[in-house]
Amino acid sequence: MKKYLVSSIALFMASLALQAREVKSLNDGWTFVKGFVKTGPVAGASFGRGPQGDPVTLPHSYNAVDFQTESTYYRGFGTYTRTLDIPETYAGKRIFVKFEGAGSVATVQVNSTFVGEHKGAYNAFTFEITDYVKPGENTLTVVCSNAPTFEVAPFGGDFNIYGGLYRDAWLEVTEPVCISPLYYGSDGVLISQQVTRERAGLSAEIHLSTLTDYEGCEVRVAVKDAAGKVVADTYYNRIFNDVVRCNLAVDRPHLWNGKADPYLYTAVVTLLKDGNEMDRVEENIGFRYYHVDREKGFFLNGQHLKLQGVSRHQDWDGLASALTRENHLTDYDFFDEMGVNSLRLAHYPQAHFMFEEADRRGYVVWEEIPFVGTWVANPAFDDNLELQLREMIAQNYNHPSICFWGLYNEIQAGTDKIVGRLNQVAHEMDPGRLTTCAVYIDSSNEFIPDVMAFNKYYGWYYGKKDDLGPFLDGWHAEHPTAAMGISEYGAGASPKMHVGQYNEEEFTVYDSMGKKHPMERQTDIHRVQWPVIAERDWIWGSYVWNMFDFGASGRFEGDAPNQNDKGLVTIDRKVRKDAFYYYKANWNKAVPTVHLCSREYTDRQEEVTDIIVFTTAPAATLYLNGKKVSQKKTDAYATVEWPSVKLQKGENTVRVVTAQGEESAVWTVR
């Protein structure tokens, strides 16, 4: 293998026509029938068009309404059908269908003939349909099922498992020889890196597919900087099997450095045959190196970075999981506003666009498979866990934002064998990233991944809010070889429920498993526990549970049934809770913040109340009914507090003034 001159490859890249692969959206033109529409025997998995159904556009979930309106959301079959028009010009081409997500088991047919089945709701999958279609009109049918099964993860969990073709779908048309779309649903290109500030060494693993052989074929790999300049290139023309590996390097790379500088390069992989382009894949990549130190925490490119994270489920009210790019971008705008720099995308692989955007915006990401809540002692279940892990890694391999592969969440003891198997698979496929897990009680399986993290809800489900610090310090001291993070912490909160004072510990004020979820309790727990985390740099990362309220069938808590209300923002993205502004004032100091807590608690029973302000200003002045109460300095955690303020009967005008702005409210004591 030899190098081309950079100038030569640059001219070559500039002269390329449109890539040979044709990609078309399949989002439009579907009909949907709730249920299993069958025209043939189940054993042959033959089910044709069936009833006409309702017209739908992808993304679509058949739980978009019932997960909020029914006591138990629908878990069963849903049948999607559409027409595929195959032009005569596709003769001699290869034709694939790709679905970015289908919940949870999806069976694909073309013209009532079984093509394939995919088990797992959260990864993409691709089937070749070349031999199943004919020129002209064809029928594509997909039957989804989100019913629980002992063969597919997750079997359970404190979140909803939605059904439907809830992500984008695509038709891909290639030449007979192509970069394979069939390698675990990925684009067939995996780029490993060994990076220092002086040099980024890259190893490209390219999966190919052909109907004949690779005679006359050549693979070219080029890396372009953000300005489009080719900075490294290589080629390989001795192809004997379906996998090509080649190496190249970038000297003095511009590092991807999180939110401070999320610089991206582009890798261009081109497959040629007899000098003609057959296929091309382009991927954004970023060069970075990182590690976790047990005593000092997370380091990115040699510099300590405090990972200030949140977790995110992928559902919205009125949509379930059928989110568009606009929905994902809205969520990212919330993350940016609050000053988040790390995401735990729980408890399953989320949309590919989420990782693309994390790359562009500079978020450090923890991504995980849906091994959550329950392990099923079934070899098929273990095989499915491994499949979903392999798919997740292959499909997301090139994203610099992803630093952690999560192997499980809150899985009971006695699972060391399967956790060890998953850990081995992760390191075999991707030696360059760390594995992790989320646990709530000690178990030997927590020491199998490279690093671990705890889900802890002191002050909400058990114990006192002040118990977190002693627990962390004690565990850290007792386990001298383990690196520890916080995977979940927080409390529920209804913006419609309030109490006048924050420090009440009695269950008469709140009930974590019941209806009493005053917003002030959530605020109080976060105010106590974030400083505990912030002051311990050896905690490699922490993740608020959760950024947004989310669907959780069977929960009857707070003011919204079938929801988990631990979010800092409501499920409709319309209300930022008080704790949101606490983190914004602490994590995003470049943006002026002045927030009067409990502002919406307008009709009150209590005459005595705590008045709390979160602000990036150095001080705040309180006025009550037009009279100055006092000015106070902002503490180290962006908070100014006036405890036990006496209100008068009737209306009270509360006004807080800072050098960066002011807020006011009218509170009426009945």
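**Figure 1. The largest nonpolar core of the predicted model.** This core holds 74 residues, and Phe335, Phe371 and Met547 touch the most other members. A nonpolar core is a set of buried Ala, Val, Leu, Ile, Met, Phe, Trp, Tyr and Cys residues joined through side-chain atoms within 4.5 Å. Buried means under 20% relative accessible area, exposed over 50%, partly exposed in between (1.4 Å probe, protein chains only). Helix H9 (residues 578-587) gives the most to this core, with seven residues. Helices (H or I, at least four residues) and strands (E, at least two) are DSSP runs, numbered from the N terminus. Apart from this core lies another, of 31 residues, among them Ile206, Leu208, Tyr265 and Met278. In soluble globular proteins, nonpolar side chains tend to be buried together. The model is predicted: local features need pLDDT of at least 70, side-chain atom pairs count only at pLDDT 80 or more, and totals for chains, interfaces and linings use all residues. Side-chain values use heavy atoms, with hydrogens and water left out, and residues are numbered from 1 along each chain as its sequence is written.

**Figure 2. Surroundings of Met547.** Residues up to four places away in sequence are not counted here. Met547 touches Val310, Ser311, Phe334, Phe335, Met338, Gly567, Leu568, Val569 and Phe580. Contact means heavy atoms within 4.5 Å.

Figure 3. H4 (residues 352-361) is mostly covered, with seven of its ten residues buried. Those are Phe353, Met354, Phe355, Glu357, Ala358, Asp359 and Arg361. Just after H4, Gly362 takes a positive phi of about 90°. His347 sits in the loop between strand E25 (342-345) and H4. A cis peptide bond joins Ala346 to His347, with omega about -10°.

**Figure 4. Ile533 in helix H8.** H8 spans residues 519-534 and contains Ile533. Ile533 counts as buried because its relative accessibility is 0%. Beyond its neighbours within four places in sequence, Ile533 contacts Lys306, Leu468, Ile486, Tyr489, Ile539 and Ser542. Ala665 is 132 residues from Ile533 in sequence and 32 Å from it in space, C-alpha to C-alpha.

Figure 5. E16 (residues 243-251) includes Ala249. Ala249 is buried, at 18% relative accessible area. Tyr214 and Ala249 are 35 residues apart in sequence and 26 Å apart in space, C-alpha to C-alpha. Arg252 lies in the loop between E16 and strand E17 (256-257). Arg252 is not a glycine, yet its phi is positive, about 45°. At 70% relative accessibility, Arg252 is exposed.

Figure 6. Most residues other than glycine have a negative phi, and most peptide bonds are trans. Asp274, not a glycine, has a positive phi of about 55°. Its loop runs between strand E19 (265-273) and strand E20 (276-285). Asp274 counts as exposed, at 59% relative accessibility. The peptide bond from Ala153 to Pro154 is cis, with omega near 0°. Pro154 occupies the loop between strand E9 (136-145) and strand E10 (169-174).

**Figure 7. The chain around these views.** The protein chain has nine helices and 41 strands. Its C-alpha atoms fill a box of roughly 85 × 60 × 50 Å along the principal axes. Of its 670 residues, 61% count as buried. Among contacts between residues at least 6 apart in sequence, 70% join residues at least 24 apart.
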